Amino acid sequence: MQSIRKSGLAALSLVALGACTAMAAGTYSQADLPPPIQVPAGNAVAWETVGTGDITYECKAKENMKDQTEWVFAGPKAVLKDRQGRQVGTYYGPPATWEANDGSKLTGTQVAVAPAGAGNLPYQLVRANPVVGSGALTGVTHIQRVALKGGVAPQAACAAGQKTTVPYQADYIFWKAG
C-alpha cells in the first residue's frame with residue numbers, strides 16, 4: 001500500500017511538472033519580434049531549443065559578374081539543446097532539417113526573415129513541411145529562429161571553391177496549432 005501511494009504521488013508530481021512546463025512554453029511572447037516573423041494566431045509553443053553550431057559558406061562566382069566571387073550559404077550543422085542544456089536533436093542541411101532525438105524530423109519552407117542586428121543571421125520564420133516519423137516534431141506548423149548570435153558570411157575576399165565555417169547560436173521555437 002505504501003509503495004502504491006508513493007507511485008501515485010510520483011506520477012501526480014510528474015503530471016504537475018509537465019503542466020508547468022507546458023504553461024511556461026505557452027507563454028512565449030512574440031511582442032519584441034518583427035511582425036514578418038511572428039507566428040500566425042492560433043498557434044502555441046510546443047518546443048523550445050537552443051541551437052549551437054556552424055554555418056558553412058562556399059566561395060562562388062557572382063551570378064551577374066562571373067569574374068568576381070562571393071561567399072554563399074552552403075548549409076547549417078548544429079546541436080539542439082533544451083533549456084536545461086541536454087541535447088534533444090540536431091539541425092542540418094540542405095535542405096534545412098530539424099531532427100529530434102526520438103527520430104521525428106521535418107524540413108520547412110522559409111516564410112520571412114528580418115534583421116537581427118549587425119554580425120548576426122537574420123530572424124527567420126519557417127512553415128513546417130509534414131513530419132517524418134512520430135515524436136516531438138509531430139504536428140509542428142512553424143519554426144522561428146530568434147535570439148541570434150553570429151553566423152554571418154565572412155567579409156573577406158575568397159577564391160572560388162573555398163569553404164569556411166562560421167560559429168553561431170540561435171533559439172529555434174517550434175509551434176503547433178493550438
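A residue is called buried when its relative accessible area is under 20%, exposed when over 50%, and partly exposed in between (1.4 Å probe, protein chains only). The model is predicted, so local features need pLDDT of at least 70 and side-chain atom pairs pLDDT 80 or more, while totals for chains, interfaces and linings use all residues. Residues are numbered from 1 along each chain as its sequence is written, and side-chain values use heavy atoms, without hydrogens and water.

**Exercise 1.** Describe how the strands of the barrel are arranged.

Step 1. Strands are DSSP runs (E, at least two residues), numbered from the N terminus; two of them pair if DSSP finds at least two bridges between them.
Step 2. Eight strands form a closed barrel in the order 1-2-3-4-5-6-7-8, with antiparallel pairing.

**Exercise 2.** Classify the ring pair Trp47 and Phe174, and state whether the two residues are buried or exposed.

Step 1. Rings of Phe, Tyr and Trp (its six-membered ring) pair if their centres lie within 6.5 Å; planes under 30 degrees apart are stacked, over 60 edge-to-face, the rest tilted.
Step 2. For Trp47 and Phe174 the centres are 5.1 Å apart and the planes 45 degrees, a tilted pair.
Step 3. Trp47 is in strand 1 (residues 43-61) and Phe174 in strand 8 (residues 163-177), 127 residues apart.
Step 4. Both Trp47 and Phe174 are buried.

Definitions and conventions:
Helices (H or I, at least four residues) and strands (E, at least two) are DSSP runs, numbered from the N terminus.
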